[in-house]
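Welcome, and please open the model in your viewer. We will go from one selection to the next, with a short note on what is there at each stop.

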Amino acid sequence: MSTENSSDKKLLGIGILTAFAASLCCITPILALISGASGIASVFSWMEPFRSYLIAVTLTVLGFAWYQKFKPVAASKIDCACDENGAITRKSEFLKSRRFLAVITAFAVPTLAFPYYSQFLYPKKINQMPAISSGKIQKIKFTVSGMTCSGCEEHVKHAVYQLPGIIEVKADYESGTTSIQYDHNQSDKTAIIKAIDATGYTVTEGTATQNSKPH
């Protein structure tokens, strides 16, 4: 195989790696939920500031690769990946084809977009109001560090909803806050903080208001 074709394969490899890396901070929470290792959910949250650069690299690589496939090539420069008998091998032919590039693109683009649909992969909460003690409703708002996308929000919400007496959980990664309404006869602030911290995200501050009315 020619040096040019080898370089193309390396370039596509870089594109796949950057696409995966760009969404790793949101892929990890899903993997953590599936594996039961919730604590690893925020391991790659530090990569979020680099996400836009990784996306730019991926799109540049894919754009260049497609340009290479469609640009005119002089007959004298067309390479032939041949075996000892002079026949073009099917593997080499496929790796140089637009079909292979389409497969790479079909993997890279959904991977890049993963943070925008990852929340739909979480189990849906059954909207069932818990038994609530009269006058014991409390609302608390936490500052939570480590959330980087809507998938992170769903991971935090899923963890808190496992506690008894939880009425409503609203998480917002953009503001880094999580608001929770609950019956404090069934759960308390300490239990909620422990549930959030167990996901790998960290509660740094919390304020509470008693006797809130459920929605």
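## First stop: Ile196 and its neighbours

Select Ile196: leaving aside residues up to four places away in sequence, Ile196 touches Phe142, Val144, Val156, Val160, Ile180, Tyr201 and Val203. Contact here means heavy atoms within 4.5 Å.

Before going on, a word on what you are looking at. This is a predicted model, in which local features need pLDDT of at least 70 and side-chain atom pairs count only at pLDDT 80 or more, while totals for chains, interfaces and linings use all residues. Residues are numbered from 1 along each chain as its sequence is written, and side-chain values use heavy atoms, with hydrogens and water left out.

## The core around it

Which residues touch the most other members of the largest nonpolar core? Select Phe142, Val160, Ile166, Ile180, Ile192 and Ile196; the core has 22 residues. A nonpolar core is a set of buried Ala, Val, Leu, Ile, Met, Phe, Trp, Tyr and Cys residues joined through side-chain atoms within 4.5 Å. Buried means under 20% relative accessible area, exposed over 50%, and partly exposed in between (1.4 Å probe, protein chains only).

At least two residues of this core come from each of helix H2 (24–35), strand S1 (137–145), helix H7 (150–160), strand S2 (166–172), S3 and helix H8 (189–197). Helices (H or I, at least four residues) and strands (E, at least two) are DSSP runs, numbered from the N terminus. Another core, of 13 residues, lies apart from this one, and Met47, Leu62, Leu101 and Ile104 are among its members. In soluble globular proteins, nonpolar side chains tend to be buried together.

Now select H7. Nine of its eleven residues are buried, so H7 is largely enclosed by the rest of the structure. The buried ones are Ser150, Gly151, Cys152, Glu153, Glu154, His155, Val156, Ala159 and Val160.

Move to Ile140 in strand S1, which is buried with a relative accessible area of 1%.

Next, pick Asp183 in strand S3. Is Asp183 buried or exposed? At 0% relative accessibility, Asp183 counts as buried. Its side chain reaches the backbone nitrogen of Asn185 at 2.9 Å.

Select Trp66 and Phe70. Their ring centres are 5.9 Å apart and their planes at 25°, so the pair is stacked. Rings of Phe, Tyr and Trp (its six-membered ring) pair if their centres lie within 6.5 Å; planes under 30 degrees apart count as stacked, over 60 as edge-to-face and the rest as tilted. By this rule there is one aromatic pair.

Trp66 and Phe70 are four residues apart in helix H3 (residues 51–70), which means about one helical turn between them. Trp66 is partly exposed at 26% relative accessibility, whereas Phe70 is exposed at 52%.

## Last stop: the whole chain

Zoom out to see eight helices and four strands. Colour by pLDDT, the predictor's confidence in each residue from 0 to 100. The chain averages 76; confidence is lowest in helix H4 (residues 90–95), at a mean of 64, and highest in strand S3 (residues 177–183), at 94.

Terms used. Polar contact = N/O pair within 3.5 Å; in protein donor to acceptor, adjacent residues only side chain to side chain.
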